[in-house]
Amino acid sequence: MAGFSGRMRLKLIISYDGAPFAGWQSQAGGDAVQDVIEAAFRKIVGDRVVVQGSGRTDAGVHALAQVAHAEVPDDSLPLDAWLRALNANLPPGVRIMRVTRAARDFHARFSATGKVYRYRIRNGQVLPPLELGRVWHVASPLALGDLRSAAEIFVGEHDFAAFAANRGGPIHSTVRRITSITITEEAGLFSLRFEGGGFLYKMVRMLTAALVRHALGKASLDDLRGILRNGSPKWNHVAPAEGLYLEKVLYSGTKSPQVLPSEPV
């Protein structure tokens, strides 16, 4: 595989609607995004091609630009033919946006230096039907200033043990660095952009829920500071998966902190 002659390493930029899938990582039932992309490669190459993603997104979470790599035989297809060939064999909810040849030592996960996630909230009494499954609908009024005040608490390096779900396996460290949380609003649509070196399982969704609960008057800034500082009580509010998007994976040369081992969000 890596380092062997006669093989080409591809870098894939992938966009997908997470609603029909059991997350990114391959599942026994074959209903993950990784599964359908590997099935497309099998149809083209005639053998299994392992697709390595930059990280796992949870069930229902969307991606605008997931990054993955895969190794294929040099003589399978010309480089410029892969984009059309893969998309011709994928369901419409998954699309390869770009295919380039990667260096032999490029690894979609371990070469990454950070990630950007975006969470979208539609605030108002009525959810527009075309946004169903694409946003978190919060009917009660939210103030932009309240969301931003709560977000300031979480920027920087902290132990986020209280704001991460337990996936059942050991975690080496729950310390993470968030470079920035940028929040904008236009016509009732709030956009929360999280950039950092790595995120724990459901961490972005739990932080989003914390910001919203503060804006709704259900958690004070001191409450949030105390939970973050003390690691307890465990935060048990999680924003819905359908509002979360993996927007970008950062690699060297991009302004970003060092990546830490990531869990699905």
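**Exercises on a pocket and a helix**

The second largest pocket is lined by 11 residues, and those nearest its centre are Lys11, Ile13, Val67, Arg98 and Val249. A pocket is, on a 1 Å grid over the protein atoms alone, an open set of points where a 1.4 Å probe fits, with protein on both sides within 12 Å along at least five of seven lines, and its lining residues have an atom within 4 Å of a point. The model is predicted, and totals for linings use all residues, while local features need pLDDT of at least 70 and side-chain atom pairs count only at pLDDT 80 or more. Residues are numbered from 1 along each chain as its sequence is written, and side-chain values use heavy atoms, with hydrogens and water left out.

**Exercise 1.** Find which strand gives the largest share of this pocket's lining.

Solution. Begin with the strands (DSSP runs of E, at least two residues, numbered from the N terminus): S1 (7–16), S3 (62–73), S4 (94–101) and S10 (244–251) each supply at least two lining residues. Of these, S10 provides the largest share, with 4 residues.

**Exercise 2.** Check whether the span of helix H4 agrees with its number of residues.

Solution. Helices are DSSP runs of H or I, at least four residues, and the expected span is 1.5 Å times one less than the number of residues. For the 13 residues of H4 (203–215) this gives 18 Å, and the end C-alpha atoms are 18 Å apart, which agrees.

**Exercise 3.** Decide whether Glu186 is buried or exposed.

Solution. Buried means under 20% relative accessible area, exposed over 50%, and partly exposed in between (1.4 Å probe, protein chains only). Glu186, in strand S8 (175–186), has 64%, so Glu186 is exposed.
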